[in-house]
Amino acid sequence: MLRSNLPLVIVFTTALLLIVAFFIPHKPFGDLESRFLNWYAIVSGFTFLLGIDSLTRHHLLRVRRRVPGWLYSLILLLGLFVTLFLGFYSWVKFRSPFALQAPFMWLYTYMIIPLQSTMFATLAFFIVSAAYRAFRIRNFAATLLLCAACLVMLGNTPLGGDVWQALGRFIHLVLPSVDPAAFAALEVPAQVKDWLMSIPQAAAVRGIGIGLALGGIAMSLRIILGIERTYMSS
Amino acid sequence: MMAAFFFVLIAAGLVPPAGVAARDNPNDQGSAVLITWSASEAETASFRYVILRSPASDTGFAPVGDEPSARTEFTDQDTRDGTPYWYAVAAVSGADTARSAAVGPVRSAAQWFNTARTNILIVTVLVSGAFLFYIARARRGVKMFVRKIAGLDSIDDALGRATEMGKPILFSFGLGYITDIVVIAALPLLRKIAMKSAEYATPLLVPSSDPIVMTAAQETVKEAYSASGRPDFYNADNINFLTSDQFGYAAGVDGIILREKPGAIFWLGYFYAESLIMAETGHSVGAIQLAGTTETTQLPFFVAACDYTMIGEEIYAASCYLRPEPVMLGSLKGEDTIKLVLIILTTAVVALGTVAALPGLRASPLARVYEVVAGWIAPAY
């Protein structure tokens, strides 16, 4: 009974204190939020030991069982412990692992950052393949999406301006009374893009945002009142 | 020496700052005084304001801070509550100084209520009241309807397909922490998926980016397997920690997807730029994918790459949908009612603002009403 009710009491009391603290700046309420966040940071710092334990066990098991790809697990374990060793070494020798001349910083600058950037760069290719599927004309909604995306892309790139200027010159050839410079100054692709982004797009995002805020409040109330308990596996 | 220097008013073309006022900094924990003044015309590049403080009205002024010419306020955050202080502001340009008259006494104090958040308090009370009203109503046995959520209905199909193909199921919370409500909202879905996975004897993989989320996921899956009568099926090694690094996590999950080729993938949690990298990899191995996130910037990527996407608060409603008990549905009903009220209010305020902006009505009482209402709803604007 106590095992299941105590967490609920802690959650309810903590939530109530934080809600009260949001409206009362006077001590001891004013700095409660930052105090709780500090506690959370300390607790979560220690839980990284759990993470390292999980990671090490998982990959040691793979290496021991020689499952396909076990060499990658070995490289991961080596990488983990070399990084850990260099971090401690830099801390002792340079007083901080983030000192510019520290080997840990070298590892960070010349290995971790390029690897992160490489992974991020693959996003460009994935965007193309996802966009191809999303923009295939299957129904009215997909067609609308394709048209809106094309207009936004034209408005966001120099190509849109170039196309608009070329159109101005072409119209000038057909109708000499149209001034191509004045036509170009209208910047219709950029205007259309701005309208799409600031009116329909912003309205949709705000609508979703309002729903999310209300859903968040409802979910929080369910947690505070102990109605939603899955987070404590019950 | 410095104080004496500033106390002397040197008139060398500089005009002392006008409209100097000092008051207790509002809505704070105390120990702060807010000093304001009117903008002077900055004559040189070196022009700045020096704020002076003294425990007496006529002597002992010492600088406590300075501000560039564009600023017209300064918060002295080093005061003792209840102690009287006098302030003056000096305009300084090179060696020239022109000091204003002293203002005071002013005492700093902590406040028991943040008046700037009155509107939030009122809305919170109203919103919470509506939720509690509908929860109480549901407890009394009033029947409530909940609309179908296609994404949630597809869970069984996705799990059945993975089982038929003899492939595992993958579940990811993304980069969410346990402090994110969306992660807590995704836990009941993980529980449902774990129960089905135990029923179908299909392995469930949950790579995590946060050790606390990993622990919560392990406990949820273990409990779900026990509830399904298959505690022996639980393998803690399937719910493991990868890394908290964004793209390291994406690389790790992509590796798992390409090696294990899951038949069903659930992306439910907090995602950033890595969302598409992972979801497209999932698509490339032919998995049925269901996504749900509160991160609106990632929704288009999931819509493009996944078979089903829960948009907006649908993921929050999932636990009510899966456990349609009266109290759960009551909170959902409360949410919908407030949404309806907000739609009506938003439409009314937009209409009011539009009418008030019409030529000839801009100085009318209608425009003033709109300003007050809009200012109350969003003071920053």
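# Close-up views of a predicted two-chain model

**View 1. The contact between chain A and chain B.** In this predicted model, 59 residues of chain B meet 52 residues of chain A. On chain B, helices 2, 4 (181–200), 5 (211–227), 6 (246–260), 7 (274–284), 8 (299–305), 9 (314–322) and 10 each supply at least two residues to the side that touches chain A. Helix 10 of chain B gives the most, with nine residues. By class, this side of chain B has 33 nonpolar, 15 polar and 11 charged residues.

View 2. Helix 2 of chain B covers residues 118–139. At 1.5 Å a residue, its 22 residues should span 32 Å. The C-alpha atoms at its ends are 31 Å apart, which agrees. Six residues of helix 2 of chain B are picked out here as buried: V127(B), A130(B), F131(B), Y134(B), I135(B) and A138(B). They lie on the same side of helix 2 of chain B, because the arc they cover around the axis is only 130 degrees. The cover over these buried residues includes helix 8 (188–224) of chain A and helix 10 (326–356) of chain B.

**View 3. The opposite face of helix 2 of chain B, and the residue beyond.** Which exposed residues sit on the face of helix 2 of chain B turned away from its buried side? They are I122(B), V125(B), L126(B), G129(B), A136(B) and R139(B). G141(B) follows helix 2 of chain B. The phi of G141(B) is positive, near 100 degrees.

**View 4. Domains of chain B.** The domain assignment divides chain B into domain 1 (2–106), domain 2 (115–142 + 333–377) and domain 3 (150–322). The centres of domain 2 and domain 3 of chain B, taken over C-alpha atoms, are separated by 37 Å.

**View 5. The open sheet of chain B.** Five strands of chain B form an open sheet, in the order 10-9-11-12-13. The pairing is parallel. Strand 10 and strand 13 (308–310) of chain B stand at the edges. Each has a single partner strand, so one side of each is left without a neighbour in the sheet.

**View 6. Strand 9 of chain B and its two partners.** Strand 9 of chain B runs from residue 169 to residue 174. Two bridges join it to strand 10 (residues 204–205) of chain B, and the two strands run parallel. Five bridges join strand 9 of chain B to strand 11 (residues 264–270) of chain B, again in parallel. L170(B) stands opposite L205(B) in strand 10 of chain B. L170(B) also stands opposite I265(B) in strand 11 of chain B.

**View 7. Both faces of strand 9 of chain B.** Is strand 9 of chain B mostly covered or mostly exposed? Strand 9 of chain B is mostly covered, with six of its six residues buried. In a regular strand, side chains alternate between the two faces of the sheet. On one side of strand 9 of chain B lie I169(B), F171(B) and F173(B). On the other lie L170(B), S172(B) and G174(B). Both faces of strand 9 of chain B are covered.

**View 8. Domains of chain A.** The domain assignment gives chain A domain 1 (31–135) and domain 2 (136–234). Their C-alpha centres lie 36 Å apart. The contact takes four residues from domain 1 of chain A and five residues from domain 2 of chain A. On domain 1 of chain A, the side that touches domain 2 of chain A has three nonpolar residues, no polar and one charged.

**View 9. A cis peptide bond in chain A.** K27(A) and P28(A) are joined by a cis peptide bond, with omega about 5 degrees. P28(A) is in the loop between helix 1 (2–23) and helix 2 (32–65) of chain A.

**View 10. E187(A), a loop residue with positive phi.** E187(A) is not a glycine, yet its phi is positive, about 45 degrees. It is placed in the loop between helix 7 (180–185) and helix 8 of chain A. E187(A) counts as partly exposed, because it has 16 C-beta neighbours inside 10 Å.

**View 11. S31(B), a loop residue with positive phi.** S31(B) is not a glycine either, and its phi is positive, about 60 degrees. Its place is the loop between strand 1 (21–24) and strand 2 (33–36) of chain B. With 15 other C-beta atoms within 10 Å, S31(B) is partly exposed.

Terms used
Residues are numbered from 1 along each chain as its sequence is written. Chains are lettered from A and ligands numbered from 1 in the order in which they are written. This is a predicted model: local features need pLDDT of at least 70, side-chain atom pairs count only at pLDDT 80 or more; totals for chains, interfaces and linings use all residues. Helices (H or I, at least four residues) and strands (E, at least two) are DSSP runs, numbered from the N terminus. The expected span of a helix is 1.5 Å times one less than its number of residues. A residue is buried if 20 or more other C-beta atoms lie within 10 Å of its own, exposed if 12 or fewer, and partly exposed in between; C-beta atoms are placed from the backbone. The arc is that of the directions from the helix axis to the C-beta atoms. Two residues are in contact if their C-beta atoms, placed from the backbone, lie within 7 Å. Domain bounds come from an automatic or database domain assignment. Ala, Val, Leu, Ile, Met, Phe, Trp, Tyr, Cys and Pro count as nonpolar, Asp, Glu, Lys and Arg as charged, and the others, Gly among them, as polar. Two strands pair if DSSP finds at least two bridges between them.
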